[in-house]
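This report describes selected local features of one structure. It covers individual residues, several helices and the surroundings of a ligand.

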Amino acid sequence: MINLETPRKLTPLITQAHQVAQEVFRPISRKYDLAEHTYPKELDVLAALIDGMNEGAENGAGAAGVRREARKADDTNRNGSNLATALSIIEMAWGDVGLLLTMPGQGLGNSAIASVASAEQLATYGGRWAAMAITEPEAGSDSAAIRTTARREGDEYVLDGEKIYVTSGERAELVVVWATLDPSKGRAAIKSFIVERSNPGMKLERLEHKLGIRASDTAAFRLEECRVPADALLGNPEIDVKQGFGGAMQTFDNTRPLVAAMAIGVTRAALDETHRLLAEADVFIDYELSPLSQNAAAARLLEMEADYEAARLLTLRAAWMADNNRPNSLEASMAKAKAGRSCVEVTLGCVALCGSIGYSEHELLEKWARDAKILDIFEGTQQIQLLIIARQLLGKSSAELK
Ligand SMILES: Cc1cc2nc3c(=O)[nH]c(=O)nc-3n(C[C@H](O)[C@H](O)[C@H](O)COP(=O)(O)OP(=O)(O)OC[C@H]3O[C@@H](n4cnc5c(N)ncnc54)[C@H](O)[C@@H]3O)c2cc1C
């Protein structure tokens, strides 16, 4: 039976993550929002500390740890690395989601490696900071349209193409690049490859200037005759038309709940700050009264708290299912859709409730409203999550419902 109370064994991790958010992220949050593209050097010490904390621990603090263990059907409930990671991400994103995204070693590529790498690949690439490069100028939501190619030459694959919007693409040590082995074979031919950032065939073209998460670098690359060893291919090298996109998409079932967790952290930050600012104006929620019988600002805050709670519970469920090896594509998309949209609506709602203080750079509310939007875009937009949910509920294939 699922029980969504915070497991007691994870309390120390959550407390530590919250302290990091409060003591390390918050004090430098505005500084790196304003100094876009400047490397937050304060995070190096922190990353070393977290590596130390994770060594030998069953539940790590970051995205690098999410992995599904093979489990028997009669196994008891497990609160593993997915739930632990989601809970710690919620806390860290409460501090600053841009800084969280640029934490050394915690890239989405790390989740991909942790999810599907073989033991040998984990030995070679585990523990190193990995970004994730799926998006191309002509392939965003429709990742099956990827044009980057990978051709086999002896003991190597040779990658050619263009990748844009790669989070941590400049700073990471590795980039997990999606490419097709054979464009005529559709989704089944798309595989992911681990590329060393120092590979001379991978050329950094530019860094983007952005609306939010400005502490996080976002890179565009050109891949020209980029040679990688054959064992840099993640998962099965065969083109299994029956499996289709399954192998590559498996990563999303682990990473979407984590992006939802980021959204929940930012939402909580905005709500906490709004409670504080409204209290200064003598506005408090009365939980004994119906929303209609109290101050309009308090009633709006109640509405937003309900959205937050729904998003949080959906996210913990999706992460818990991943830990317990249950298929969770539907739940991962539900969590991402609800958390992403709530984050955008609640942060903007908080800006509105707090008026000119909410809009000014004096507080962080306006920044969180800007940071929120990306959480409803990357790892699949709001519309794409709804499409996935509809397909699953109606039993339609991607060809039947586009
Ligand atoms: C700051 C930032 C960081 C990013 N980081 C990464 C990263 O690390 N790695 C990576 O690979 N990518 C990354 N991305 C890319 C991101 O995942 C894509 O932007 C996203 O998938 C959407 O693709 P697109 O921008 O090409 O939009 P499009 O796919 O062109 O979509 C445009 C609009 O149309 C809607 N739409 C598209 N298809 C449908 C449909 N069938 N039905 C209904 N609506 C539809 C979309 O929801 C969207 O609103 C990042 C993007 C940003 C902005």
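His37 has a relative accessible area of 26%, so it counts as partly exposed. The residue sits in the loop that runs between α1 (11-34) and α2 (42-54). The model is a predicted one, and in it the phi of His37 is positive, at about 75°, although His37 is not a glycine. Most residues other than glycine have a negative phi.

Asp282 also has a positive phi, near 65°, and is likewise a residue other than glycine. Asp282 is placed in the loop between α7 and α8. With a relative accessibility of 64%, Asp282 counts as exposed, because the cut-off for that class is over 50%.

## The ligand shell

There are 20 residues around the ligand, and those that come nearest are Ile134, Thr135, Ser141, Tyr165 and Thr381. By class, the shell around the ligand consists of eleven nonpolar, six polar and three charged residues.

A backbone N or O atom of Met132 is 2.7 Å from a ligand nitrogen. A polar atom in the side chain of Thr135 is 2.6 Å from a nitrogen atom of the ligand. On the side chain of Gln383, an N or O atom lies 2.8 Å from an oxygen atom of the ligand. The ligand taken alone exposes 970 Å², of which the protein buries 64%. Two or more residues of the shell come from each of β1 (130-133), β3 (156-167) and α12 (382-394).

## Glu136

Glu136 belongs to the loop between β1 and β2 (149-153). Is Glu136 buried or exposed? Its relative accessible area is 5%, and Glu136 is therefore buried, the cut-off being under 20%.

The side chain of Glu136 makes a polar contact of 2.7 Å with the side chain of Thr148. Leaving out residues up to four places away in sequence, Glu136 touches Ile146, Arg147, Thr148, Glu162, Lys163, Ile164 and Trp178.

Ser88 is part of helix α3 (residues 81-95). Its relative accessibility is 0%, so Ser88 counts as buried. A polar atom of the Ser88 side chain lies 3.2 Å from the backbone oxygen of Thr85.

Helix α5 (residues 108-116) is largely enclosed by the rest of the structure, because eight of its nine residues are buried. The buried residues of α5 are Leu108, Gly109, Asn110, Ser111, Ala112, Ile113, Ala114 and Ser115.

α8 has 28 residues, and the distance from its first C-alpha to its last is 41 Å, close to the 40 Å expected at 1.5 Å a residue. At the N-terminal end, α8 is capped by Asn295, a side-chain oxygen of which lies 2.7 Å from the backbone nitrogen of Ala297. Asn325 follows α8 and has a positive phi, near 55°.

Helix α9 (residues 329-353) has 25 residues. From first C-alpha to last, α9 reaches 35 Å, close to the 36 Å expected at 1.5 Å a residue.

## Tyr287

Where is Tyr287 found? Tyr287 is in the loop between α7 (246-280) and α8 (296-323). Its relative accessible area is 60%, so Tyr287 counts as exposed.

Apart from neighbours within four places in sequence, Tyr287 is in contact with His275 and Leu302. The C-alpha atoms of Tyr287 and Ala298 are 9.9 Å from each other, and these residues are eleven apart along the chain.

## Glu5

Glu5 lies in the segment before α1. At 61% relative accessibility, Glu5 counts as exposed.

How values were computed: Residues numbered from 1 in each chain as written. Predicted model: local features only at pLDDT ≥ 70, side-chain atom pairs only at ≥ 80, totals over all residues. Heavy atoms only, no water. Near = heavy atom within 4 Å. Polar contact = N/O pair within 3.5 Å; in protein donor to acceptor, adjacent residues only side chain to side chain. Areas by Shrake-Rupley, 256 points an atom, 1.4 Å probe, with all protein chains shown as cover. Helix = DSSP H or I, 4+ residues; strand = E, 2+ residues; numbered from the N terminus. Nonpolar A, V, L, I, M, F, W, Y, C, P; charged D, E, K, R; others polar. Expected span 1.5 Å × (residues − 1). Buried < 20%, exposed > 50% of the residue type's maximum accessible area, 1.4 Å probe, protein only. Contact = heavy atoms within 4.5 Å.
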